4 protein chains.
Amino acid sequence: MKLGMIGLGKMGFNLVLNLLDHQHEVVVYDVNQEPRQELAGKGAIPSSSIEELVGLLPAPRVIWLMVPAGETVDQIIDVLTPLLSPGDILIEGGNSNYKDSIARADRLRKHGIHFLDVGTSGGMEGARHGACLMIGGDKEVFEKVEPIFRDISVEKGYLYAGKSGSGHFLKMVHNGIEYGMMQAIAEGFEVLHKSPFDFNYEEVARVWANGSVIRGWLMELTERAFAKDPRLESIRGVMHSSGEGKWTVENALDFQVPTPVIALSLMMRYRSLEEDTFHGKVVAALRNEFGGHAVEKK
Amino acid sequence: MKLGMIGLGKMGFNLVLNLLDHQHEVVVYDVNQEPRQELAGKGAIPSSSIEELVGLLPAPRVIWLMVPAGETVDQIIDVLTPLLSPGDILIEGGNSNYKDSIARADRLRKHGIHFLDVGTSGGMEGARHGACLMIGGDKEVFEKVEPIFRDISVEKGYLYAGKSGSGHFLKMVHNGIEYGMMQAIAEGFEVLHKSPFDFNYEEVARVWANGSVIRGWLMELTERAFAKDPRLESIRGVMHSSGEGKWTVENALDFQVPTPVIALSLMMRYRSLEEDTFHGKVVAALRNEFGGHAVEKK
Amino acid sequence: MKLGMIGLGKMGFNLVLNLLDHQHEVVVYDVNQEPRQELAGKGAIPSSSIEELVGLLPAPRVIWLMVPAGETVDQIIDVLTPLLSPGDILIEGGNSNYKDSIARADRLRKHGIHFLDVGTSGGMEGARHGACLMIGGDKEVFEKVEPIFRDISVEKGYLYAGKSGSGHFLKMVHNGIEYGMMQAIAEGFEVLHKSPFDFNYEEVARVWANGSVIRGWLMELTERAFAKDPRLESIRGVMHSSGEGKWTVENALDFQVPTPVIALSLMMRYRSLEEDTFHGKVVAALRNEFGGHAVEKK
Amino acid sequence: MKLGMIGLGKMGFNLVLNLLDHQHEVVVYDVNQEPRQELAGKGAIPSSSIEELVGLLPAPRVIWLMVPAGETVDQIIDVLTPLLSPGDILIEGGNSNYKDSIARADRLRKHGIHFLDVGTSGGMEGARHGACLMIGGDKEVFEKVEPIFRDISVEKGYLYAGKSGSGHFLKMVHNGIEYGMMQAIAEGFEVLHKSPFDFNYEEVARVWANGSVIRGWLMELTERAFAKDPRLESIRGVMHSSGEGKWTVENALDFQVPTPVIALSLMMRYRSLEEDTFHGKVVAALRNEFGGHAVEKK
């Protein structure tokens, strides 16, 4: 198929290469010229504006958006809307909040434009060689572009999830689970680290990645990380987060679902952003007040 | 090699079949006659007592213990000790507490008997077709029986972990991580379950098992479980535990390692064993006392 | 002073009695006739409509709203706004979300009407005999009605907290702390309950309420609850919640503040609303898949 | 009564003053000469050795031990045992593990020596002016020395808790609750600290200490701490712990009681002891592996 890709960052860039591998024609656009040119050298059709990109696509147009979640998505949709025609299909593959996706689908529906919200997992490697895709929107629309999803995902690696929002909802929960799994692995290695044994963490990750109950891609990545830096001495344990773990917890609270593990994974990330904590000061001060326990002075 | 296997439960039985596949000669014993006879029919050498099993093995003997962790292990070691000779090798593959394993290695060392503590992961399938093994004890002893470990594990699926106790320590932490991962997955599915969407959980687990960041064996098993019972309506959410998650938390406390995710995974299991809770009654009663909020009567 | 009270539920009713004790004149209104009449018998001035209540107050009017948080507050404000004059003061004493209070203050400011958001703590007893009040809004407005706050609160029991929203923000966090404290007390008593000792919980609560580090009103209420039902056998451990604990956690997530204790207190409440859990089913099913562990059938 | 006090640290010293206030005769001993002399100047009878202290007491002797929990207690009991006679009463008022107290009571019983385990709460102020005491041991023994407990505790502030160990068990759980309460308060203040409002924390603590649901001694101490240092800028948020919170969690795990709040309070203390964390490094490294997210270099 011929389709457009707007947004050529880490993920979008790799998705284009992946699409080209599968004989799709891809018209590409990004605010930065560099990735456009680089992809042109690999067979993509560059465009220097969204208008040009739209003009280069046959009707009904298929355009994949792969830009940072949030306002940027809405800004581009605002630009695109008057340029598109009824029947065109907009695929939004970023880490958007599913509530935004529902609103966007509603907004575009009024213009006759179809909208699919696609949660994309598998990291940069997946984007390049076989992703995992969770797709929300109208089923007939999904079916029209299913060949694209089939081609760029691993086998069994794409799913029509349901109505608008369901794709990004699944991706949100996927990331919530990911937070919990990563924190579980990380806690385990810290227990090893403080134990009286002298483990080789790369070897431990390797054996756990092969045949154990906890084997999986995250454990393979753990092995890879330790292969590069056996005790992770070069990096700091600061755990940033984008937004999907937080949204998972917020939705869990709305649904009254207890999610202690996902919530705590998120909170330990927030804790890691603090050098010192105000709650720690309060507890230390209280211990001093009632028990005369020494406080550590700054 | 020729070796003995004591304990022919789910795991030991499968390990024997696995060993037989790889042309090892296995003398088997269990308190129950049935699995002995069944394995005899598949090429194992049955024995009707521990004494007979020991007598059927050439020196230096290699005996694998695969019995329930705890007192049973010590009872069998007490029976075995006088029957064995210096240089014999005892492999203990159960889910034993690593502190017990250190004590057992010390105890047997006085008799010249070698002891290897082996954490065995991969479930029944792994035991049958390729396990994941974490091995603690003297390295020279490990090397003498390394061919056994190599044959019955998946590729890269066995590790000499270090001194006595390190094998079972690794398995303990592995299970701690497993608790956290399982709870993370389970929380995610409960969020799906209470969401406004109508997901097919088997399909969700399948797509997450293929290409996603959270892919791995646990996700494949999740798919399998939903394939059998699409909404798990036939079972109760009671989460039992053996002991390794608890030991992981206890050791984390001893090492002053914060392990919120593993600890909460364990505590949610304990919570699932309670129909009603005393802490819930106290909170409900307090809300009634200060705010006049209604309590639910029994 | 002469003021109006709209909302004569548990809290509003007691506040009126408290105001009457301190020689304030109170015009009262509630959709239900009964509490209006009952309070009329105790010295309050009943009114049969909001219009009548407004008409009975001298300018600048002071009206205290004590109705359920949420839409009801906005509905009454909508009714009141055209009836009030610039310079009138509206005091909102419910458990409102502080963001709503900020919006309401802004909305009323356009009409020249002053708005104070008042977090009210101390339960029904406090409302009756001496409350704890956290007040947000313009300081000059606060000062005009400060005598009211002084009279109906315990000594040192009222605080001008800052700009609009700060009163309800403080109350929100107060309730978050309350959730954590209650859960801590409740967990402690469950540990006692499952211990090998045979404690008399009323006596334990009494001794902890007298001289201990954890003494305070909640412990006194714990003693009272056990005095009525020594082992809380008549009630179920279902822990409902209004909204302030949830808001505290949501705000903590927005501010990236780790609040594990408040979050878990809330999640254990949600857990108590479930008879059986979907997450429990998933974990049980997974244990069965990999380890052959028995599941409990429904 | 006439009794001996061994251990004149912060707590023991204050208890002696408290006893003297109530006309008890107290023979005092400590390895340090200074507090002995200081107390002699206030009416206590100093002794320069445990032997001398024992010799100065009439039979049946009553001796209160107030020394650091752990080995020191056993060492002093070993010194005391041959010096004491059947019928003598040893009161152990430290923060001992209740299992040790059970063992000590058993050990001393063989010599005919009575043992009471006394959990002492209320901090240094309580020790000086009115403590909270939880007492385990034989009831008849308790009754013999009840006047002592009555005199040095606040009204209703002592409890015969039950058989040996129950006093220290109650104190352990008391401290577990204390951890949870303190963390709840501390989290609340951190939410205030990161909020868009500009609160005066001393004033907030004061209003919450007067009339609110969460009023109590800990909130009064919070007010006191903020009075000394309005934003706690002089101290670090390092939260040390003795052992009772940890024991509470360990016992909860043994009894299969979920105690998320107490456990997390403890784990946040451990987290505060770490400058950087190994679990944080693992998560950061994993995020980099799959998503190319930047890690912070050391």
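Author: Contact here means heavy atoms within 4.5 Å. This is a predicted model, in which local features need pLDDT of at least 70, side-chain atom pairs count only at pLDDT 80 or more, and totals for chains, interfaces and linings use all residues. Residues are numbered from 1 along each chain as its sequence is written, chains are lettered from A, and side-chain values leave out hydrogens and water.

Reader: Through which surface do the copies, chains C and D, meet?

Author: Of the interface residues of chain C, 100% are also interface residues in chain D, so the copies meet through the same surface.

Reader: How are two such copies related?

Author: In general, a rotation about an axis and a shift along it relate two copies of a chain.

Reader: Which strands pair with β2(B), and in what sense?

Author: Strands (E, at least two residues) and helices (H or I, at least four) are DSSP runs numbered from the N terminus, and two strands pair if DSSP finds at least two bridges between them. β2(B) is parallel to β1(B), residues 2–6, over five bridges, and parallel to β3(B), residues 45–46, over two. Val27(B) in β2(B) stands opposite Gly4(B) and also opposite Ile45(B) in β3(B).
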